[in-house]
Amino acid sequence: MTSYRHHPERIAALVQDDRVHRDLYLSDEIFALEQEHLFANTWVYLGHASQVSEPGDFVTQDVAGRPLLMVRQPDGAVHVMYNRCAHKGTQLVTDECGNTGRFFRCPYHAWTYKLDGAPLGLPLKNGYEGTQLKACESGQGLSVVKHVKVYRDFVFVRLSDSGPSFEDYFGEVLGAIDNMVDRSPEGKLTVGGGVLRNIVHCNWKMYLENINDTVHPMSTHESATKAAEALWEGRAPTDPKPMAMEQMLPFGSGYEFFDKMGGRVFANGHSVLGVNFSIHSNYAQLPEYEAAMRAAHGEERAAEILQRSPQNSVFYPSLSVKGSPQAIRVIRPLAANRTLIEAWSFRATGAPALLFERVMSYNRLVFSPMSVVAHDDVHLFESIQQGLRAGGNEWVSLHRNYDPAELAQETITTNGTNELLMRNQFRAWAKSMAAGMEAAA
């Protein structure tokens with residue numbers, strides 16, 4: 001069995017110009033190295049500030065195998081700390097979310113901390129007199145995550161002290177978040193409707209690739225689209241469609257449609273699929289809402305926001321954004337062969353209720369474990385994860401529309417079925433892994 005730890009050259013060899021090795025999906029050792037050198041060194045989506053709207057509100061989440069705690073402060077700021085009591089290491093909070101009041105209290109020995117992590121009190125205080133407790137880490141309170149960025153209420157963290165700044169890392173792709181937030185005439189989104197969670201028995205990179213794959217809908221989702229087409233048969237193209245039809249029929253739009261929608265890649269693995277149009281482009285018009293948008297943002301900006309509906313915008317390696325409908329998916333790796341997928345819906349403040357109904361409908365139809373679409377993908381993800389263990393060919397093809405000239409460019413606009421968007425992700429993977437391993441050497 002190949003060992004990759006301490007061998008960055010072996011890691012680099014797994015990603016070739018137009019194909020990748022199966023160990024990227026199968027190796028437990030590579031998954032462990034990803035936690036250390038990829039997820040800790042890049043900016044990873046943690047949660048949305050609206051999930052902690054009141055002082056004392058908290059959300060717990062693991063990033064790169066580290067338990068974290070996102071907390072709303074009395075002054076309105078959002079802080080992120082490691083979810084570990086400074087005493088023995090007990091997780092201060094084990095609930096997914098809640099409100100702790102004015103302080104945190106460890107359930108083990110009752111040490112308490114202010115909302116910003118500063119030490120507040122401990123029982124049997126006299127027993128620590130004359131000791132070095134105050135001078136050491138255990139006396140300093142909770143450890144704070146230093147690198148936190150709240151961008152338009154989307155909270156990202158970088159756990160390592162090394163790595164690019166938030167703005168340098170994401171660059172132009174941040175426009176996809178701007179597009180979704182500005183769909184609110186008041187420029188504000190809030191999480192609504194809970195979250196749909198699905199544990200898929202496949203590697204996280206496989207799921208992320210599929211977000212940028214436009215060839216599979218015609219075959220993978222054929223049964224769902226054929227059923228929708230049969231129900232709609234005989235109706236005129238101009239007939240107003242029920243919301244479910246409006247959302248399902250475009251999945252069967254054909255290879256030419258998906259190719260012409262176009263895509264764009266950016267440095268560090270980010271991408272936008274559907275730079276020209278997408279399956280979301282022809283949702284019903286809402287004249288009163290559009291008037292409110294023009295009043296809020298001006299004619300030109302409102303038109304730019306409403307006419308731009310990418311299929312998916314990938315904030316590598318953890319977040320996929322759909323500006324319309326207002327949905328995100330969060331990719332949370334659990335093991336080499338297990339990935340937690342979260343689908344969240346957003347309300348746009350000042351927008352009609354129909355927009356929220358639209359995203360709830362879409363997430364139920366497409367991303368729910370009980371949907372008419374997601375189970376097609378899940379079945380094939382698990383099939384691929386098993387199939388890659390077969391003997392013979394050890395490589396996964398990413399050859400479609402490969403052009404050697406792409407190696408010299410960071411931002412490229414291309415056709416929608418080009419596997420460049422996937423190659424771009426793996427090149428970023430290799431770059432981040434190598435940088436992390438070299439820094440740790």
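Helices (H or I, at least four residues) and strands (E, at least two) are DSSP runs, numbered from the N terminus. The structure described here is a predicted model, in which local features need pLDDT of at least 70 and side-chain atom pairs count only at pLDDT 80 or more, while totals for chains, interfaces and linings use all residues. Residues are numbered from 1 along each chain as its sequence is written, and side-chain values use heavy atoms, with hydrogens and water left out.

Two cis peptide bonds are described first. The place of P325 is the loop between β16 and β17 (327-335), and the bond that joins S324 to P325 is cis, with omega about -5°. P317 lies in the loop between β15 (312-315) and β16 (319-322); the peptide bond from Y316 to P317 is likewise cis, with omega near 10°. Most residues other than glycine have a negative phi, and most peptide bonds are trans. Two non-glycine residues with positive phi are also found in loops. D153, in the loop between β10 and β11, has a phi of about 80°. N401, in the loop between β19 (395-397) and β20 (412-414), has a phi of about 60°. Both are partly exposed (buried means under 20% relative accessible area, exposed over 50%, partly exposed in between, with a 1.4 Å probe and protein chains only): the relative accessible area is 24% for D153 and 39% for N401.

Five bridges connect β10 with strand β11 (residues 154-158) in the antiparallel sense, and V150 stands opposite V155 in β11.

A second open sheet consists of four strands in the order β5-β4-β3-β6, again with antiparallel pairing. Its edge strands are β5 and β6 (97-99), each of which pairs on one side only. Neighbouring strands of this sheet are turned by 25° against each other on average, direction ignored. Strand β3 (residues 57-63) is joined to β6 by three bridges, and the two run antiparallel; V59 stands opposite C97 in β6.

V80 is found in strand β5 (residues 78-82) and, at 1% relative accessibility, counts as buried. Residues in contact have heavy atoms within 4.5 Å. Not counting residues up to four places away in sequence, V80 touches L46, L68, L69, M70, V144, V145, V148, V155 and V157. V80 and V157 are 77 residues apart in sequence, yet their C-alpha atoms are 8.3 Å apart in space.

The largest nonpolar core has 86 residues, of which F154, I328 and W429 touch the most other members (a nonpolar core is a set of buried Ala, Val, Leu, Ile, Met, Phe, Trp, Tyr and Cys residues joined through side-chain atoms within 4.5 Å). Helix α15 (residues 420-440) supplies the largest share of this core, seven residues. In soluble globular proteins, nonpolar side chains tend to be buried together. Leaving aside neighbours within four places in sequence, I328 is in contact with residues including Y45, F154, M180, W344 and F346.

Helix α15 also packs with helix α6 (residues 204-211), at an angle of about 145° and with the axes 9 Å apart. W204, K205, L208 and E209 in α6 meet M422, Q425, F426 and W429 in α15. By class, this contact has five nonpolar, one polar and two charged residues (Ala, Val, Leu, Ile, Met, Phe, Trp, Tyr, Cys and Pro count as nonpolar, Asp, Glu, Lys and Arg as charged, and the others, Gly among them, as polar).

R423 lies in helix α15 and counts as buried, at 2% relative accessibility. Beyond four places in sequence, the residues touched by R423 include D17, D18, H399, N401 and N418. The side chains of R423 and N418 are joined by a polar contact of 2.9 Å (a pair of N or O atoms within 3.5 Å; within protein, one must be able to donate a hydrogen and the other to accept it, and residues adjacent in sequence count only if both atoms are side-chain atoms).

Key: Two strands pair if DSSP finds at least two bridges between them. Axes are lines fitted to C-alpha atoms, for helices over the stretch in contact, and angles run from 0 to 180 degrees between N-to-C directions.
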